[in-house]
Amino acid sequence: MASTKGVPRMGKMLIELMTLLGAVGLSNSAIQRPDYDDTPAPEFLNPSWMADLPDSRPLSEVTMPGTHNTMAIYGGALAECQSWSLASQLRAGVRFLDVRVRHVRGNLTIHHGVSYQRAHFGDVLEGVADFLREYPSETVLMRLKEEFSETFDIYGAVVSYIHLYADWDMLWHSRLMPTVGQARGKLIVLQDFGGPDLGMRYGSLDIADDWKVPTLLHVAEKWQSVHEHLEAAPVGNKAYIFLTYGSGAGIFAYPNAIAQRINARLYDYMMALIGQNRRFGIITMDFPAAPLLQMIINFN
């Protein structure tokens with residue numbers, strides 16, 4: 001709680017209320033816990049964990065960590081969802097990326113809402129391509145959508161960027177579910193926009209993304225949504241990829257404040273299930289920590 005010494009009574013009440021609602025930061029310094037990490041670099045790396053998976057396993061039966069708004073590292077507390085670079089995220093074990101592009105006359109810049117993330121889609125493609133060339137045992141899934149523009153016509157620009165900054169043959173060009181062996185070395189675009197198929201359709205996944213968390217008083221409701229989907233995934237249809245978002249935000253609940261609470265609950269939930277072989281699908285987070293990523297990966 002922020003110090004209220006010397007602050008009038010009404011001011012104290014306002015500070016306490018804002019702290020409760022999550023509009024005041026929990027800490028001015030970086031935090032690195034087993035579940036939550038907003039420091040510049042992961043505690044440890046795990047760049048090739050998929051090498052241990054059997055080639056015959058359908059990708060829908062793999063449990064993997066992901067990041068929400070993968071590139072959102074600028075813009076202040078309400079916009080920032082990650083603190084690690086794309087390269088660090090991939091090398092820490094993240095295999096699902098959530099990428100948002102603004103489309104202006106064929107240019108695709110990376111945005112989180114109004115906040116420009118000092119990068120363009122080519123930077124993302126080059127980062128993924130470099131990683132997959134270095135670690136060909138791995139695969140990367142990328143949800144791609146338009147944000148902060150409403151052209152509803154990004155397909156042509158996306159194709160142009162792929163040819164310029166990556167390798168067309170690096171993409172998985174099918175709606176069909178690949179095996180791990182078929183997916184190795186591939187970027188699988190989860191297409192959240194119109195146009196011909198580039199990869200798999202984002203809407204084909206079984207998704208829980210209750211991202212609206214108005215205040216920290218609503219964290220319990222957010223966790224209930226996460227918990228229910230995690231419980232459904234192991235017994236759900238193995239032909240579908242399950243995707244659970246642990247992220248959330250609101251005007252009075254910033255992403256870091258939500259992540260500190262949801263990630264802690266997720267860590268405890270996973271800890272209680274250690275030793276079990278469960279298919280959770282993709283678990284997507286803000287500010288995940290390396291030990292939490294490893295715990296998720298170990299369920300394979």
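Contact here means heavy atoms within 4.5 Å. The structure is a predicted model, in which local features need pLDDT of at least 70 and side-chain atom pairs count only at pLDDT 80 or more, whereas totals for chains, interfaces and linings use all residues. Residues are numbered from 1 along each chain as its sequence is written, and side-chain values use heavy atoms, with hydrogens and water left out.

**Arg143 and the annotated region**

Leaving aside neighbours within four places in sequence, Arg143 is in contact with Phe96, Leu97, Asp98, Val99, Arg100, Leu190, Asp192, Tyr202 and Tyr245. Arg143 belongs to strand 5; helices (H or I, at least four residues) and strands (E, at least two) are DSSP runs, numbered from the N terminus. The relative accessible area of Arg143 is 7%, so this residue is buried. Buried denotes under 20% relative accessible area, exposed over 50%, and partly exposed the range in between, with a 1.4 Å probe and protein chains only.

The unreviewed UniProt entry carries the annotation "domain: Phosphatidylinositol-specific phospholipase C X" for residues 55-192. UniProt positions are given in the numbering used here, feature names are shortened, and annotations may be inferred rather than shown by experiment. Over residues 55-192 the chain is 26% helix and 27% strand, and the end C-alpha atoms of this stretch lie 27 Å apart.

Strand 1 (residues 64-67) is covered on both faces. Met64 and Gly66 on one side, and Pro65 and Thr67 on the other, are all buried. Two strands pair if DSSP finds at least two bridges between them. Strand 1 runs parallel to strand 10 (residues 282-285), to which four bridges join it; here Met64 stands opposite Ile282. Strand 1 also pairs with strand 2 in the parallel sense, over two bridges, and in this pairing Gly66 is opposite Phe96.

**Helix 6 against helix 7**

The axes of helix 6 (residues 219-232) and helix 7 (residues 255-271) come within 10 Å and cross at roughly 35°. Axes are lines fitted to C-alpha atoms, for helices over the stretch in contact, and angles run from 0 to 180 degrees between N-to-C directions. The crossing of these two helices is right-handed, a term for the near helix being turned clockwise from the far one by less than a right angle. From helix 6, Val219, Ala220, Lys222, Trp223, His227, Leu230 and Glu231 meet Ile258, Arg261, Ile262, Arg265, Leu266 and Tyr269 of helix 7. By class, this contact has eight nonpolar, one polar and four charged residues. Ala, Val, Leu, Ile, Met, Phe, Trp, Tyr, Cys and Pro count as nonpolar, Asp, Glu, Lys and Arg as charged, and the others, Gly among them, as polar.

Leu230, in helix 6, has a relative accessibility of 0% and therefore counts as buried. Not counting residues up to four places away in sequence, Leu230 touches Trp223, Thr244, Leu266, Tyr269, Phe280 and Ile283. The C-alpha atoms of Leu230 and Ala290, 60 residues apart along the chain, are separated by 20 Å.

Most residues other than glycine have a negative phi.

| Residue and phi | Loop | Relative accessibility |
|---|---|---|
| Arg105, about 50° | Arg105, between strand 2 (96-104) and strand 3 (107-112) | Arg105, 78%, exposed |
| Phe152, about 55° | Phe152, between strand 5 (140-146) and helix 4 (155-165) | Phe152, 70%, exposed |
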